[in-house]
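Load the model in your viewer and keep the selection tool at hand. The stops below each give a selection and then what is found there.

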Amino acid sequence: MSATAPNETVHQRICPICEACCGLEIRIADGKVTSIRGDASDVFSKGFICPKGVAVKDLHDDPDRLRMPLIKRDGRFVAATWDEAFEEIDRRLTPIIAAHGRDAVAVSLGNPSSHKHGLILYTSKLVKALGTKSIFSASTLDQMPKQLSSGLMFGHWLSIPVPDIERCDFLLMLGANPMASNGSLWTVPDFRGKAKALRERGGKLVVIDPRRTETADIADAHHFIRPNSDAYLLLGMVHTLFDENLVRLGRLAEHVSGVDDVQAAVRGFAPEVVAERCGIPAATIRDLARTLARTERAAVYGRIGTCVQEFGTVNSWLVDVLNVLTGHLDEPGGAMFTKAAAFAANTLGRPGTGRGIVTGRWKSRVSGAPEVFGEIPMNCLAEEIETPGPGQVKALITIASNPVLSSPNGPRMAKAIDQLDFVVSLDIYLNETSRHADVILPGVSPLEDSHYDVPFPQFSYRNHARYSRAILPLTSGQIPEWQTMLKIAAIAQGKGAKADPLAMDDELLADDVRKQAGPSADAIIEAVSGRRGPERLLDLALRMGPYGDGFGARPDGLTLSKVMAAPSGIDLGALNSRVPEVLRTPTGKIELAPAMLLADVQRVAQHLHQAPHDVVIIGRRHVRSNNSWMHNLPLLAKGPNRCTALVHPADATRLGLTHGGAARITGRAGHVIEAQVEVSDEMMPGVISVPHGWGHDLPDTQLQVAAQRPGANLNAVLDDTLIDPLSGNAVLGGVPVTVVAASQPG
Ligand SMILES: Nc1nc2c(c(=O)[nH]1)N[C@H]1C(S)=C(S)[C@@H](COP(=O)(O)OP(=O)(O)OC[C@H]3O[C@@H](n4cnc5c(=O)[nH]c(N)nc54)[C@H](O)[C@@H]3O)O[C@H]1N2
Ligand SMILES: Nc1nc2c(c(=O)[nH]1)N[C@H]1C(S)=C(S)[C@@H](COP(=O)(O)OP(=O)(O)OC[C@H]3O[C@@H](n4cnc5c(=O)[nH]c(N)nc54)[C@H](O)[C@@H]3O)O[C@H]1N2
Ligand code: SF4
Ligand SMILES: [Mo]
């Protein structure tokens with residue numbers, strides 16, 4: 001913090017909105033934000049920022065943002081004190097647990113919970129206190145396939161390699177649009193600048209996407225791909241590597257097992273066989289494989305477009321199979337493992353070996369979906385609520401989660417949530433999901449909260465440690481979200497509504513440290529005793545982490561105080577090779593051919609000759625929007641209608657759609673949405689695109705700005721029966737729909 005004008009102060013603050021984790025420079029005068037811009041001195045993001053970072057001011061000022069708990073009485077929300085809210089939760093939740101058991105309480109975890117340390121660090125404590133197996137999250141609408149494939153190959157769910165873009169000379173990108181999303185499972189602020197530098201040094205960026213995206217526009221080449229068919233392209237590329245003798249494991253040779261099994265598995269997938277299925281010519285598939293193999297510094301990166309598919313886990317696996325077989329995994333300029341300063345499981349325990357991962361420790365009650373990373377697929381939540389019998393979900397706690405708009409068959413989800421006996425939402429808005437709550441507990445404004453990114457430094461293009469202090473004091477009467485989580489945890493444990501969250505925090509911390517640190521536990525507990533809550537957990541994690549002071553063992557090492565003293569962050573250097581140290585597989589090898597994935601290749605083979613659907617729908621992202629919840633901020637809401645249906649000219653003609661007219665889109669379950677048509681050859685023929693997160697026209701919400709231009713909910717027409725059976729991830733792209741002009745009888 002430093003002063004400029006007499007009453008203006010300047011603060012550094014990491015943006016909590018998306019995975020780019022940009023440093024913001026925020027000016028405050030008289031308790032109000034006067035400006036937000038990029039923090040040019042931030043060691044990691046170097047001044048880059050997008051419009052959503054600037055909109056943090058609108059978020060803080062938003063009159064619709066909740067600042068007091070709400071309790072539903074006789075069908076209407078009334079403002080309540082925190083004490084009343086917790087008493088209501090105790091009064092309603094405790095009998096449900098007693099009567100129906102712990103699994104009857106489901107938890108739905110949403111995207112923002114991974115961006116707030118108070119939420120992410122306390123989720124496991126709340127879940128443990130609840131003792132429920134009914135855990136659902138946005139992970140199964142997003143990246144679970146990548147987590148599963150990485151877990152199987154490298155031994156931990158978060159050991160996910162990222163392109164070393166600053167040294168890369170060929171980047172093949174599938175199903176990602178970082179020009180709009182600013183990167184995902186890859187923390188890479190200013191992707192545009194880094195892509196430009198790559199091309200200026202003679203490197204190439206190639207994009208595979210059913211839409212010619214903003215990222216395709218700055219690439220050297222773009223290839224349309226039939227949605228849901230990346231597995232065929234990737235198998236064709238792996239086949240080419242073996243077929244043309246291009247496999248070079250390099251340094252990794254002694255650390256990889258299963259190469260022969262992969263070779264056998266891809267035998268039936270020559271480029272000439274798969275070309276028609278994926279819509280990419282065989283010559284192009286071969287050429288991509290050759291370029292990848294022959295470029296010294298190259299990487300393949302696949303993101304959400306490759307995950308939200310029927311073969312999401314196979315796709316995610318094949319991306320890294322390509323990186324390994326071409327010698328690009330763990331090499332500079334290739335796909336590398338970040339070494340985070342705190343909270344990374346792949347820096348803990350004995351290096352180079354571990355327990356690996358397992359799935360299916362339990363199964364979902366209704367459709368028998370295997371547990372993955374402790375979760376049941378979000379696509380199973382509605383049926384778990386609807387289907388009677390022992391273990392039926394009777395209550396729901398949503399934490400920064402809006403499944404009514406974000407999960408497929410949203411209308412069914414809304415109806416299911418409505419039939420629950422009790423719902424608590426920890427949320428900042430009265431929106432499409434929290435309107436179903438009996439109690440809403442408001443989260444705090446990011447400006448009133450401190451910040452340290454827990455997951456994203458594990459996927460960053462460079463190693464770094466950055467902490468932000470709270471800039472403004474808590475609104476009077478408000479409580480930090482980590483304490484709210486502990487209050488609910490205490491209620492779930494039968495300690496009642498009056499339990500002291502600080503005392504509970506002390507107890508939980510002492511238990512954890514004693515389990516991990518054995519004889520030195522007391523000294524460690526004492527050493528961090530000056531802090532509470534997330535800060536204490538962070539100090540512990542940093543000091544025990546790979547750059548930490550080890551509580552005196554390495555006096556020059558990191559502590560939270562040191563990180564706090566650098567408001568624009570500490571740079572910990574470029575990515576370094578980490579194999580074998582990073583591995584946590586039982587064999588200590590990179591498992592190139594996990595049995596579960598080899599078996600699933602059979603399923604890919606069975607669908608090889610599947611004919612294209614008449615029209616399939618995919619989503620898209622826009623830089624001025626963020627999933628379902630930023631449409632109430634004036635700065636982002638202004639400008640043209642963004643919830644449009646993009647349609648290729650040939651499809652428009654065929655379907656009788658006109659530019660500016662409306663399309664009527666119907667999904668399998670019979671739900672219908674209407675969206676304004678934008679005719680554009682940026683779409684692949686046969687594919688239309690509507691962004692997700694819209695549909696703010698549901699009654700009883702409090703989103704005044706969003707309601708003026710509600711848009712349509714893409715997820716109303718998506719199909720919640722479509723799933724990647726391995727990871728439980730929802731299929732959100734390539735879903736067949738019927739489309740007619742809106743004026744036609746539907
Ligand atoms: N069709 C389709 N559907 C998709 C996707 C897609 O690409 N296509 N993408 C999927 C993906 S990747 C994701 S991650 C999910 C996201 O879906 P969700 O996980 O449901 O997350 P959001 O839509 O971001 O909604 C966030 C919720 O958190 C609340 N919130 C915001 N800030 C805070 C805060 O500081 N504290 C608290 N307590 N609450 C807060 C918001 O009001 C909102 O209710 O959507 C998925 N749905
Ligand atoms: N502005 C903005 N930024 C965001 C978000 C946001 O909503 N808005 N959401 C955040 C979240 S939660 C996430 S998870 C990340 C996601 O970050 P990204 O993965 O970069 O997400 P998208 O921009 O949706 O890009 C996915 C691309 O996949 C393409 N695609 C669809 N189907 C297929 C297919 O079958 N094969 C291939 N190869 N491509 C396909 C789509 O056309 C799209 O261009 O973005 C984050 N950042
Ligand atoms: S890209 Fe935008 S939303 Fe994402 S962290 Fe940076 S400023 Fe925030
Ligand atoms: Mo996401």
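Select Asn431 to begin; this residue sits in the loop between strand S17 (422-426) and strand S18 (439-441). The model is a predicted one. Asn431 has a relative accessible area of 4%, so it counts as buried. Which residues is Asn431 in contact with, leaving aside its neighbours within four places in sequence? Show Asn402, Thr701 and Leu703: these are in contact with Asn431 once those neighbours are set aside.

**Backbone stops**

Most residues other than glycine have a negative phi, and most peptide bonds are trans.

Select Leu185. Its phi is near 45°, a positive value in a residue that is not glycine. Leu185 belongs to the loop between helix H6 (178-181) and helix H7 (191-200). With a relative accessibility of 9%, Leu185 counts as buried, because the cut-off for that class is under 20%.

Move on to Asp330, in the loop between helix H14 (312-325) and S15. Here phi is near 70°, again a positive value in a residue other than glycine. Is Asp330 buried or exposed? The relative accessible area of Asp330 is 0%, so this residue is buried.

Now select Val579 and Pro580 together. The peptide bond that joins them is cis, with omega at about 10°. Pro580 is placed in the loop between strand S20 (570-571) and strand S21 (590-591).

**Aromatic stops**

How many aromatic pairs does the structure hold? There are nine aromatic pairs in the structure. A pair of aromatic rings is described by the distance of the centres and the angle of the planes.

Select Tyr122 and Trp482. Their ring centres are 5.4 Å apart and the planes stand at 35°, so this pair is tilted. Tyr122 is in helix H4 (residues 117-130) and Trp482 in helix H18 (residues 481-492), so the pair links distant parts of the chain, 360 residues apart. Both Tyr122 and Trp482 are buried.

Next select Trp157 and Phe373. The ring centres of this pair lie 4.7 Å apart with the planes at 15°, so the pair is stacked. Trp157 is in the loop between helix H5 (144-154) and strand S9 (162-163), while Phe373 is in the loop between strand S15 (335-336) and helix H15 (381-386). The pair therefore ties together parts that are 216 residues apart in sequence. Trp157 counts as buried at 7% relative accessibility, whereas Phe373, with a relative accessible area of 33%, is partly exposed.

To finish with the rings, select Trp186, Phe191 and Tyr301, which form one aromatic cluster.

**Helix pair**

Select residues 501-517, helix H19, and residues 533-544, helix H21. The two helices pack at an angle of about 15°, and their axes are 10 Å apart. H19 and H21 are therefore roughly parallel to each other, and their crossing is right-handed. Which residues make the contact? On the H19 side, show Asp505, Asp506, Leu509, Val513 and Gln516; on the H21 side, show Gly533, Arg536, Leu537, Leu540 and Met544. Coloured by class, the contact of H19 with H21 has five nonpolar, two polar and three charged residues.

Key. Residues numbered from 1 in each chain as written. Chains lettered and ligands numbered in written order. Predicted model: local features only at pLDDT ≥ 70, side-chain atom pairs only at ≥ 80, totals over all residues. Heavy atoms only, no water. Axes fitted to C-alpha atoms, helices over the stretch in contact; angles between N-to-C directions. Helix = DSSP H or I, 4+ residues; strand = E, 2+ residues; numbered from the N terminus. Parallel < 35°, antiparallel > 145°, perpendicular 65-115°, else oblique. Left-handed = near helix turned anticlockwise from the far one by under 90°. Contact = heavy atoms within 4.5 Å. Nonpolar A, V, L, I, M, F, W, Y, C, P; charged D, E, K, R; others polar. Phe/Tyr/Trp six-rings, centres within 6.5 Å; stacked < 30°, edge-to-face > 60°. Buried < 20%, exposed > 50% of the residue type's maximum accessible area, 1.4 Å probe, protein only.
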